[in-house]
Amino acid sequence: MAEVLKVVKARKTFGNLVAVDDVSLSIQKNKLSMIIGPNGSGKTTLINCITGYLKMDSGKVYYKGKDITDYPPHKRIELGLTRTFQIPSPFKRLPVLDNLLASYRFNPGAKLINAPFRMRWVKHEAEAVEKAYEVLELLNLTHVKDQLAENLSGGQLKLLEIGRSLMTEADTIVMDEPVGGVNPSLAHEIFKHIRNLIENHGKTFLIIEHRLEVAVKYVDYVYAMAYGKLIAEGDPETVLTDSKVVESYLGTPVI
Ligand SMILES: Nc1ncnc2c1ncn2[C@@H]1O[C@H](COP(=O)(O)OP(=O)(O)O)[C@@H](O)[C@H]1O
Ligand SMILES: [Mg+2]
């Protein structure tokens with residue numbers, strides 16, 4: 001197994017609250033890793049630290065062996081580590097295809113220095129369009145390419161989020177609830193797309209997910225958090241039946 005992302009003792013406090021308490025992760029390439037835990041356990045804060053949207057109090061993050069602890073998000077994206085966000089509202093009024101093209105500017109190939117050279121710029125645009133069509137095809141979104149993002153279903157919007165990260169040539173994609181608010185059959189479809197990207201396109205995913213009943217059969221490795229701490233890790237069956245994990249959900253079944 002090859003480690004692509006390593007987090008060593010990540011710590012993040014907000015005043016007196018220790019939101020992430022010395023959490024270490026070892027994310028393997030071409031795997032789907034999932035962080036679980038009750039509300040407020042520090043999951044979102046942790047991935048914001050990993051992707052550079054929050055500065056840690058202490059700890060280290062390594063990506064492909066490189067210490068990226070002090071890198072801003074865009075430098076992490078250039079290296080291939082991308083966090084998806086819900087499509088921002090101005091983008092919702094743009095067609096799906098344009099949403100994809102807009103994300104291409106983060107691509108390391110899109111050097112501003114090329115802008116004055118028209119031929120290079122045209123080539124760059126042609127590459128962007130070609131890439132966008134590839135991504136549409138890959139995610140079964142070709143038939144909605146001209147629809148405004150605001151008219152997509154919840155599930156299609158999630159796929160578009162993944163699509164935008166693929167436009168940046170991301171090889172590790174970090175998502176907060178990839179199937180949140182999506183009906184079960186679409187949720188399975190999204191996970192099948194994620195598996196396809198992992199198995200046939202060399203991608204790695206790190207996700208936070210509440211819909212454990214849907215996620216469990218697609219996931220390779222689980223990290224469980226409670227009160228900012230990592231309380232269990234391992235394969236899904238082991239972690240979801242771990243007594244500390246069950247207890248952290250206050251006796252309600254984990255799945
Ligand atoms: N920007 C912030 N300022 C202060 N407290 C925060 C902030 N973000 C998160 N928290 C607190 O940190 C804890 C962990 O939050 P969060 O990472 O969002 O948990 P989760 O994603 O697991 O629900 C919670 O108690 C939350 O209220
Ligand atoms: Mg959260």
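This is a predicted model: local features need pLDDT of at least 70, side-chain atom pairs count only at pLDDT 80 or more; totals for chains, interfaces and linings use all residues.

Reader: How many helices and strands does the protein have?

Author: Helices (H or I, at least four residues) and strands (E, at least two) are DSSP runs, numbered from the N terminus. The protein has 10 helices and 10 strands.

Reader: What share of the residues counts as buried?

Author: A residue is buried if 20 or more other C-beta atoms lie within 10 Å of its own, exposed if 12 or fewer, and partly exposed in between; C-beta atoms are placed from the backbone. Of the 255 residues, 38% count as buried.

Reader: And which order do the strands take in the open sheet of 6?

Author: Pairing comes first: two strands pair if DSSP finds at least two bridges between them. The order is β6-β7-β8-β3-β9-β10, with mixed pairing. β6 (81–83) and β10 (229–234) stand at the edges with a single partner strand each, so one side of each has no neighbour in the sheet. Neighbouring strands are turned by 15 degrees against each other on average, direction ignored. For such angles, axes are lines fitted to C-alpha atoms, for helices over the stretch in contact, and angles run from 0 to 180 degrees between N-to-C directions.

Reader: Which strands pair with β3?

Author: β3 (residues 32–36) pairs with β9 (residues 221–226) in the parallel sense over 4 bridges. β3 also runs parallel to β8 (residues 204–208), again with 4 bridges. On the β8 side, Ser 33 has Leu 206 as its bridge partner.

Reader: How do I read the two faces of a strand?

Author: In a regular strand the side chains alternate between the two faces of the sheet. In β3, Leu 32, Met 34 and Ile 36 lie on one side and Ser 33 and Ile 35 on the other, and all are buried. With 5 of its 5 residues buried, β3 is therefore largely enclosed by the rest of the structure.

Reader: What is the order of the open sheet of 4 strands?

Author: β2-β1-β4-β5, with antiparallel pairing. Here β2 (17–28) and β5 (66–67) are the edge strands, each with a single partner, so one side of each is left without a neighbour in the sheet. β1 (residues 3–14) and β4 (residues 58–63) run antiparallel and are joined by 5 bridges. Val 7 stands opposite Val 61 in β4, and Val 8 has Lys 60 as its bridge partner there. β4 and β5 form a hairpin with 2 residues between them, and Lys 64 in the turn has a positive phi of about 50 degrees.

Reader: Which residues touch the most other members of the largest nonpolar core?

Author: In soluble globular proteins, nonpolar side chains tend to be buried together. A nonpolar core is a set of buried Ala, Val, Leu, Ile, Met, Phe, Trp, Tyr and Cys residues joined through C-beta atoms within 7 Å. Of the 65 residues in the largest one, Met 34, Leu 46 and Ala 224 touch the most other members. This core draws at least three residues from each of domain 1 (1–80 + 171–255) and domain 2 (85–169), with bounds from an automatic or database domain assignment.

Reader: Which element gives the most to the shell around ligand 1?

Author: A residue is near a molecule if its C-beta atom, placed from the backbone, lies within 6 Å of it. α1 gives the most, with 3 residues. The elements giving two or more are β2 and α1 (43–50). Residues around ligand 1 include Phe 14, Leu 17, Gly 37, Lys 43 and Thr 44.

Reader: Is α1 enclosed or open, and what follows α1?

Author: 7 of its 8 residues are buried, so α1 is largely enclosed by the rest of the structure. Among them are Lys 43, Thr 45 and Leu 46. Gly 52 follows α1, with a positive phi near 90 degrees.

Definitions and conventions. Residues are numbered from 1 along each chain as its sequence is written. Chains are lettered from A and ligands numbered from 1 in the order in which they are written.
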